[in-house]
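Let's take a walk through this protein together. Keep the sequence and the 3D view handy as you read.

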There are 2 protein chains.
Amino acid sequence: MSNKKSLRSALTEKPGVPTIEIVSAIAVGTIQHFRKIQPSINDLVVGILARNITTLSRAITLVESTNSIHLAKANEVINACLPYAGKSMRIGITGVPGVGKSTFIEAFGKILTSLGKKVAVLAVDPSSTISHGSILGDKTRMEELVKDKNAYIRPSASGETLGGVARKTRETITLCEAAGFDTIIIETVGVGQSETAVHSMVDFFLLLKISGAGDELQGIKRGIMEMADAIVINKADGDNIKKAQFAKMEFNRALHLFPAKNSGWTPTTSTCSSITHEGISTVWETIEQFLILTKENNSFYTKRKEQNQYWMLETINEYLKTSFYNQSEIQNLLESTKKAVQNDEISPFAAAQLLLDKYFHTADSNKKEN
Amino acid sequence: MSNKKSLRSALTEKPGVPTIEIVSAIAVGTIQHFRKIQPSINDLVVGILARNITTLSRAITLVESTNSIHLAKANEVINACLPYAGKSMRIGITGVPGVGKSTFIEAFGKILTSLGKKVAVLAVDPSSTISHGSILGDKTRMEELVKDKNAYIRPSASGETLGGVARKTRETITLCEAAGFDTIIIETVGVGQSETAVHSMVDFFLLLKISGAGDELQGIKRGIMEMADAIVINKADGDNIKKAQFAKMEFNRALHLFPAKNSGWTPTTSTCSSITHEGISTVWETIEQFLILTKENNSFYTKRKEQNQYWMLETINEYLKTSFYNQSEIQNLLESTKKAVQNDEISPFAAAQLLLDKYFHTADSNKKEN
């Protein structure tokens with residue numbers, strides 16, 4: 001092309017470059033659009049405190065972002081919201097799939113809003129990245145609550161690690177509280193360590209069960225029953241009522257096997273039906289009793305302080321581990337070292353020392369090169 | 001003094017410094033003594049494999065040392081011993097103080113040696129640093145076993161952290177196995193996380209209990225009952241027999257509440273008396289049945305591989321944390337940051353980020369200065 005052009009007469013006049021307008025209409029539009037979707041930290045905080053749900057959702061989206069600029073902004077918003085947060089009741093609800101968590105939360109949430117409460121429903125579900133939101137993903141499963149202007153439902157954040165998902169949910173609690181929600185429900189499903197994570201961010205932990213045939217207690221995951229402040233047998237309706245009451249008795253006996261809780265609270269058992277709504281308000285009455293007791297003996301506040309500290313230490317620990325295992329030298333060595341340890345070719349402690357020496361030495365020489 | 005001396009005549013003759021002998025008899029003695037107490041790595045390995053108890057004890061002392069040269073030497077001895085280790089049955093025994101652990105181990109150990117077994121008894125007791133050896137510290141509590149040439153009793157290593165004490169015990173197992181001990185008993189007392197540590201280094205975990213008045217199951221520490229492969233009610237003698245049998249029934253019912261174990265083993269309950277020796281040999285028969293089952297279904301070997309890997313990862317994690325929390329910058333900041341987090345002045349995650357930035361930046365600039 002250029003060759004062909006160069007054959008033309010040198011006198012040919014070029015059309016020239018069009019003059020750039022000082023104020024580009026497109027740029028203005030882009031900036032305006034950018035401003036619109038990127039409210040300032042102040043805008044976000046003011047909006048949240050004004051209980052603007054759109055602003056709240058935007059701030060949560062920042063918290064859930066993987067972009068470091070967004071996260072820095074989210075941190076500032078959260079820290080500004082902290083003085084206005086913390087005044088809610090945080091309730092964790094767990095139960096295996098099929099136990100009826102969504103219908104229970106729907107019925108339970110409606111009772112709470114009818115009592116004048118403002119209810120936020122969040123979820124911790126590390127599997128949602130793979131399953132594209134197995135819990136709370138489909139808001140239609142809480143039809144009534146979705147339409148309720150005093151309820152806010154947010155599906156689980158996604159993330160590769162439970163730690164990441166948990167952090168996002170924990171920070172979302174702060175934002176929801178600052179936005180005036182006084183009851184936060186956090187749903188989780190029995191996958192891996194997610195119950196422990198949820199237990200570490202709520203005041204009250206509720207285990208939802210259904211009655212089955214035979215031994216009611218088999219198959220409960222390690223430690224879950226010990227965490228529960230209440231065990232509620234759902235689907236106690238129709239032919240199921242007797243079975244549910246039997247299950248309640250079994251669980252009640254089992255709960256007595258565990259050591260007393262630091263809170264001074266004795267875990268309760270009850271039955272309910274998310275269809276007939278029988279027993280649902282009892283759950284809230286139980287939680288109210290729990291609140292009176294634990295605020296009186298101060299364990300409510302002590303536990304929250306401990307939880308805050310737990311999340312700080314846990315975050316540090318997670319980060320230190322990530323930094324170690326993500327180092328390329330360690331990634332190259334880890335599998336062969338693990339095998340050598342499994343086959344008793346090297347002691348686990350000598351192997352650890354070997355990897356640690358590598359990690360700190362490499363970090364060292366990388367820095368010297370810079 | 002020096003002033004008075006300077007008043008004396010300048011002609012006063014000083015006695016002079018005595019000539020140093022080229023070969024000092026004292027130095028020779030010290031070096032010979034030093035050599036005597038510091039056998040070479042080869043000497044130690046050969047001695048251990050020759051089942052020399054004095055050499056075994058010396059090697060264990062190296063493992064327990066805080067001196068890094070000793071530890072490097074210990075690592076080499078352990079790695080050389082590894083091919084000859086691993087062939088024992090490792091039994092963990094736990095129970096609160098007063099349950100009769102020492103007398104049980106004495107009676108149990110005597111049965112094992114009478115069956116031709118070589119028994120090593122170790123302990124994990126992180127409290128021993130403070131209490132100067134609360135368990136196994138006093139060998140006279142196992143009078144008979146101490147005199148038995150087929151038994152070796154070693155009190156708990158001391159150390160500031162459970163991780164340190166556990167590492168030392170885990171490595172002592174390897175040395176004892178290489179020295180021909182085919183049954184390793186590890187005693188621990190219910191303090192903090194020590195049961196978890198012991199559970200992670202044994203094949204079979206035994207919970208020792210006594211019958212009490214009232215509810216037998218109250219007061220069992222979280223998770224301990226879930227770890228047990230057998231619950232043995234001790235002191236089932238005299239007036240206690242009926243109560244012990246009732247306790248056995250209660251525990252048996254409680255054990256069924258827990259999910260099935262990966263090993264395929266159903267935990268057992270039994271009663272025994274360390275005085276009448278009734279039921280003690282039953283414990284060994286149970287362990288033999290456990291061995292047959294778990295070796296047949298391979299879970300015995302799988303568990304050992306998992307345990308090795310656990311100790312490697314655990315050691316790495318502990319070290320990373322120690323490195324973090326021992327940094328002086330972090331030590332200066334930690335308490336105030338914890339307080340700010342507890343008082344909701346900063347989010348736990350923002351606080352963690354702040355400390356992590358400090359840690360990596362300081363490590364960075366320290367290295368640049370060097």
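## The sheet in chain B

In this predicted model, chain B has an open sheet of seven strands, in the order S3-S2-S4-S1-S5-S6-S7 with parallel pairing. Strands here are DSSP E runs of at least two residues, and helices are H or I runs of at least four, both numbered from the N terminus; two strands pair if DSSP finds at least two bridges between them. At the edges sit S3 (151–153) and S7 (268–271) of chain B, each pairing on one side only. Neighbouring strands of the sheet are turned by 20° on average, direction ignored.

Helix H9 (residues 162–178) of chain B packs on this sheet, touching S1, S2, S3 and S4 of chain B (touching is contact, heavy atoms within 4.5 Å). The direction of H9 makes about 170° with that of S2(B), using lines fitted to C-alpha atoms, for helices over the stretch in contact, and N-to-C angles from 0 to 180 degrees.

## A helix to trace

Next up is H14 (residues 299–325) of chain B, with 27 residues. From first C-alpha to last it reaches 38 Å, close to the expected 39 Å, which is 1.5 Å times one less than the number of residues.

Residues are numbered from 1 along each chain as written, and chains are lettered from A and ligands numbered from 1 in written order. Local features need pLDDT of at least 70, side-chain atom pairs count only at pLDDT 80 or more, and totals for chains, interfaces and linings use all residues, while side-chain values use heavy atoms, leaving out hydrogens and water.

Leaving aside neighbours within four places in sequence, Leu175(B) is in contact with residues including Ile48(B), Leu56(B) and Cys81(B). Over in the sheet, Ile210(B) stands opposite Asn234(B) in S6(B).
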